[in-house]
Amino acid sequence: MSFSDHKLIISMDANAFLDPVLDKSPPLVGRRAPTSSRALSNLVPDLNLLDSFRLLNPSAWDFSFFSSCHKTLSRIDYLFISKSLASFCLNPSMASSSLSDHRSVQLRFYLPSVVSKAPRWWFNLSLLQNTTFVQRLAVNLEEFISWNEESVQDPGYVWMAIKGWTCRDDCQYQCMWTTVGLYQAEGYSIPQFHGKWPFVRFLCFEEPASALASLLNGLACLLMLLRYRRAVPRQSPMYHTINAFSLVSLNAWFWSTVFHTRDTYLTEKMDYFCASAVILYSIYLCCVRTLGLRRPGVSSIVGVLLILVFTSHVSYLTFVSFDYGYNMAANATIGMINLLWWLCWCWQNRHTLPYWWKCGLVVLLLHGLALLELLDFPPLLWVLDAHAVWHLSTVPVHFLFYSFLIDDSLHLLNTEKAGVKLD
């Protein structure tokens, strides 16, 4: 076995010394070292290790154990490190301990502030176009399942392994539930883990209810987008802007579904960033509808400013600090601007547009239902929490919102054909 590619720190009471002169008092001169010492001397270079104490104290006489029987001192306690860690090693020493007849071996490390990460692996999707590769993959999957399906009690583990779940992932999941059980047994409230409630895993879904709710929102958005395209001609002034808004929304619900299925560094970022994109684009949609039809230059300027805001927001969360409080405050502020802007437009057009109430009700519902997040209760049946309830409650809102968009787009088209000034 080769350990050259690993960074190891091995602590041991070896009951053997490395150097018969420096690690023994009285020194062992002119006599053959014991078998255990010779074995230790061979093991250290075989594992590509260094004696951390001797690394910076090449000629020091210091010992970790006194044998009252033989009246001898010896250094038989070690901290071995990989050679690749030698440059980070600081001040190895030994200190007395009241808990043992051995002295403790101490070692400090200097760790650089920036540690390079291994590059993230991405599957080459073009391989799926290769018939030979697909056939080979199918055979390997069948072999994997046949070899492993009888080795575990729960066949779900085999499916999880195929989907990329690791033993560490499952260990974290099992330890989470062990902790929850201990809390409940002692009468404490249910804890959160990294800011999230514990959820029962279903197949590959970490948060089944939230993932399902996000999927239903995406399907509702897709269904109503198709209905909008059938009902509204492309000549309508808002047609392309609404189509773009729908695609941005679909992208956000896709990443929300993925994030609630599997919480990773990438999926969390994409969920948060795409949600912010929807909120910002809704302001652009409002701007085009209320100002841009008469003053296209205004909507263009607002669009550029919103792009700059989005870029700054994403850059701050990515390169400065992924601050959840800041993200929530920023989205809430933008959402409030969006709410007030739409409500003002609805109030101004309440006598001229018979469908104005749909828009007003939609924006009030979206912002009112968001308050469900404040409930933040432990998940019912370990599945349904406040976040999932919020997502489920927004599914019907898509139908009302697109009903408004269809009515308004047809009104704008008819108004344009009649040669009336757009409002």
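Reader: In the protein chain, what share of the contacts with a separation of 6 or more comes from residues 24 or more positions apart?

Author: In this predicted model, such residues account for 66% of those contacts. The chain has 13 helices and 8 strands, and 36% of its 423 residues are buried.

Reader: How is a pair of packed helices described?

Author: Two packed helices are described by the angle between their axes and the distance between those axes. Take α8 (residues 265-292) and α9 (residues 296-320): their axes come within 9 Å and cross at roughly 170°. Angles over 145 degrees count as roughly antiparallel, so α8 is roughly antiparallel to α9. The crossing of this pair is right-handed.

Reader: Which residues in α8 and α9 meet?

Author: On the α8 side they include F273, L280, I283, Y284 and L291. On the α9 side, V302, L306, F310 and L317 are among them. By class, the contact of α8 with α9 has 16 nonpolar and 6 polar residues, with no charged ones.

Reader: At what angle do the axes of α10 and α11 cross?

Author: The axes of α10 (residues 324-348) and α11 (residues 356-369) cross at roughly 160° and come within 9 Å. The two helices are therefore roughly antiparallel to each other. Is the crossing left-handed or right-handed? α10 passes α11 in a left-handed crossing.

Reader: Which residues in α10 and α11 meet?

Author: G335, M336, L339, W342, L343, W345 and C346 in α10 meet residues of α11 that include W356, C359, V363 and H367. By class, the contact of α10 with α11 has 10 nonpolar, 3 polar and no charged residues.

Conventions. Residues numbered from 1 in each chain as written. Predicted model: local features only at pLDDT ≥ 70, side-chain atom pairs only at ≥ 80, totals over all residues. Heavy atoms only, no water. Axes fitted to C-alpha atoms, helices over the stretch in contact; angles between N-to-C directions. Helix = DSSP H or I, 4+ residues; strand = E, 2+ residues; numbered from the N terminus. Parallel < 35°, antiparallel > 145°, perpendicular 65-115°, else oblique. Left-handed = near helix turned anticlockwise from the far one by under 90°. Contact = heavy atoms within 4.5 Å. Nonpolar A, V, L, I, M, F, W, Y, C, P; charged D, E, K, R; others polar. Buried < 20%, exposed > 50% of the residue type's maximum accessible area, 1.4 Å probe, protein only.
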